[in-house]
Amino acid sequence: MAVTGDETESAATGDIPAYQLRSPNSGLAQSFVMAASPGSMESPSSQHTEEVTRKREVRLMKNREAARECRRKKKEYVKCLENRVAVLENQNKTLIEELKALKDIYCHKAE
């Protein structure tokens with residue numbers, strides 16, 4: 001008898017794979033079911049659900065960390081911009097005062 005890769009309809013349920021044996025002489029098919037060890041009898045859907053849940057929790061945890069880091073970097077960036085604004089405002093104020101002083105000096109010489 002030879003084992004074929006054809007699974008029977010009962011295997012389509014996803015429970016336990018069933019295969020057909022074909023006798024080379026008779027051509028008749030006999031079905032048999034593969035036995036599984038008791039430890040692997042846990043439903044594949046619950047294993048899949050646990051794996052999906054674990055992956056989701058890991059993904060959410062990584063996302064929280066990334067969001068926290070992003071907020072920290074944004075806060076640092078805004079603080080740097082505020083410092084730069086303060087420096088430029090001071091520089092602008094100084095240049096305006098210098099311009100007024102130069103205008104006063106120029107106006108007095110013209111008189």
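How far apart are the end C-alpha atoms over residues 71-105, and what are the helix and strand percentages there? The end C-alpha atoms are 51 Å apart. The chain over that stretch is 100% helix and 0% strand. The model is predicted.

## Overall layout

The chain contains one helix and three strands. Read from the N terminus, the elements run β-β-β-α. The helix, α1, covers residues 44-110.

Residues 71-105 also carry a label from a record. The UniProt annotation "coiled-coil region", from an unreviewed entry, covers them. In the model, that stretch is 100% helix.

## Burial and contacts

The chain has 111 residues, and 6% of them count as buried. Its accessible surface comes to about 10,100 Å². Carbon and sulfur atoms account for 57% of that surface.

What share of the contacts between residues at least 6 apart in sequence joins residues at least 24 apart? The share is 6%.

How many salt bridges does the structure hold? It holds five. Among them is the pair of glutamate 69 and arginine 72, with an N to O distance of 2.5 Å. Another joins arginine 72 to glutamate 76, where the closest N and O atoms are 3.2 Å apart.

Glutamate 69 and arginine 72 are three residues apart in helix α1, so about one helical turn separates them. Arginine 72 and glutamate 76 are four residues apart in helix α1, and again about one helical turn lies between them.

A further network joins Glu51, Arg54 and Lys55 through salt bridges that share partners. One of its links is lysine 55 to glutamate 51, with the closest N and O atoms 4.0 Å apart. Both residues lie in helix α1, four residues apart, about one turn of the helix.

## Exposure of the charged residues

Arginine 72 has a relative accessible area of 42% and is partly exposed. For glutamate 76 the value is 45%, which again counts as partly exposed.

## A nonpolar surface patch

Which residues form a nonpolar patch on the surface? They are Tyr77, Val78 and Leu81. Together they have about 280 Å² of accessible area.

Leucine 81 lies in helix α1. Its relative accessible area is 38%, so leucine 81 counts as partly exposed.

## Cysteines

How many disulfides does the structure hold? The number is zero. Cysteine 70 is exposed, at 51% relative accessibility. Cysteine 80 is partly exposed, with a relative accessible area of 47%. The two values fall on either side of the 50% cut-off for exposed residues.

Technical notes: Residues numbered from 1 in each chain as written. Predicted model: local features only at pLDDT ≥ 70, side-chain atom pairs only at ≥ 80, totals over all residues. Heavy atoms only, no water. Salt bridge = Lys/Arg side-chain N within 4 Å of Asp/Glu carboxyl O. Helix = DSSP H or I, 4+ residues; strand = E, 2+ residues; numbered from the N terminus. Buried < 20%, exposed > 50% of the residue type's maximum accessible area, 1.4 Å probe, protein only. UniProt positions renumbered as here; feature names shortened; annotations may be inferred. Patch = residues over 30% accessible without salt bridge, like charges linked within 9 Å, V, L, I, M, F, W, Y side chains within 5 Å. Areas by Shrake-Rupley, 256 points an atom, 1.4 Å probe, with all protein chains shown as cover. Contact = heavy atoms within 4.5 Å. Disulfide = S-S within 2.5 Å.
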